[in-house]
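User: Could you take a close look at the annotated active site in this model and walk me through its surroundings?

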Amino acid sequence: MFLFFRDGLTPIPLPLYSQISIFMTHLSNYGNDRLGLYTFRKLVKFLQTWTHLKLQTLPPVQLAQRYFQIFPEERDPLWQDPCEDKRHKDIWSKEKTCDRFPKLLIIGPQKTGTTALYLFLGMHPDLTSNYPSKETFEEIQFFNGHNYHRGIDWYMEYFPLPSNTSSDFYFEKSANYFDSEVAARRAAALLPKAKIITILINPADRAYSWYQHQRAHDDPLALRYTFHEVITATHNAPLKLRVLQNRCLVPGWYSTHMDRWLSHYHPSQVLVLDGQMLRTEPAAVMDKIQKFLGLVNTVNYHKILAFDPKKGFWCQLLDGGKTKCLGKSKGRKYPDMDSDSRAFLKEHYRDHNVELSKLLYRIGQPLPGWLREELLNSR
């Protein structure tokens, strides 16, 4: 194939080695007239008249297959905020509103106290959580897995219709967003102005808690292997064992995952909570969160939270002095971690913890107490 350009009066053949794709993204334009079709036909006629390009097409399904062979990175959609572009908003259904999207994401990681925070936030009259999922309970798990391909209409159905008051503030919690390689990019595309909260505890304790969680749910690998065998498994170990190992260890690489989220959200939109403080002083943490969210109406959590000695953690205080606590699966008592595993994890997370301290210093957030202790003991 050749393109001809004129240099003065002399036609110069130029070999064309790259494929050229021509697309019309809408059958009609935003004004709903036939200008788009007219323009497309004229463009094709122009190319046929003034070039030697060989124009070909295929039936729609084959054309799509061919396109994704050329551009495999575009196989997955990236849902963007329909209200960011006036043209998109104008053709969106008048029955829909971007006010139905959450303004806050609690991203995890798992086994750090996210469910307790979800409960505490739901006690605030101006904060509204998503509807529960039949598959994943209080979590929607939209941005990190197969639910994302169900589209933003599916996502919106998990939130109430807005009441047209300025106090509406929706939030959702999905603890496996934190270490997902795709969740941050997807969330930022759809919810660019959202606030992000993550809770961090000592990564060694988080890894052990996850292992014990799997044992409690009868994971055959967790029942078969000790914790030390799981975390020290080599690359020659069975695949399923290495998967369990990754779920124990990788979420604790906090700086790596935080860097990913901070590449899509400004530091002012991100709040890092000390999970140890959330467990011991939840009212103080909730004061910090209310300030971070800029809520006009503030709640005195010191009056609506109470420590339940039987459960061993803080719960919602009801009328008559009764408490409403998390389910039986929360607050389990586990045997202490063995010293060899503790030593292994201390070394495994040493550099990750140093990098986390640098990251928190860079974005102007205080170091959690457990992190200061780890850094002092590693000298």
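Analyst: Happy to. UniProt positions are given in the numbering used here, feature names are shortened, and annotations may be inferred rather than shown by experiment. The unreviewed UniProt entry lists Lys-111 as "active site". This is a predicted model, in which local features need pLDDT of at least 70 and side-chain atom pairs count only at pLDDT 80 or more, while totals for chains, interfaces and linings use all residues. Residues are numbered from 1 along each chain as its sequence is written, and side-chain values use heavy atoms, with hydrogens and water left out.

Lys-111 sits in the loop between β3 (104-108) and α4 (114-122); helices (H or I, at least four residues) and strands (E, at least two) are DSSP runs, numbered from the N terminus. Lys-111 counts as partly exposed because its relative accessibility is 22%, between buried (under 20%) and exposed (over 50%), with a 1.4 Å probe and protein chains only.

Leaving aside residues up to four places away in sequence, Lys-111 touches Ile-201, Arg-206, Ser-209, Trp-210 and His-213, where contact means heavy atoms within 4.5 Å. With His-213, the side chain of Lys-111 also makes a polar contact of 3.5 Å (a pair of N or O atoms within 3.5 Å; within protein, one must be able to donate a hydrogen and the other to accept it, and residues adjacent in sequence count only if both atoms are side-chain atoms).

β3 belongs to an open, parallel sheet of five strands, ordered β4-β5-β3-β6-β7; strands pair if DSSP finds at least two bridges between them. β3 pairs with β6 (residues 195-200) over four bridges, and Leu-105 stands opposite Ile-196 in β6.
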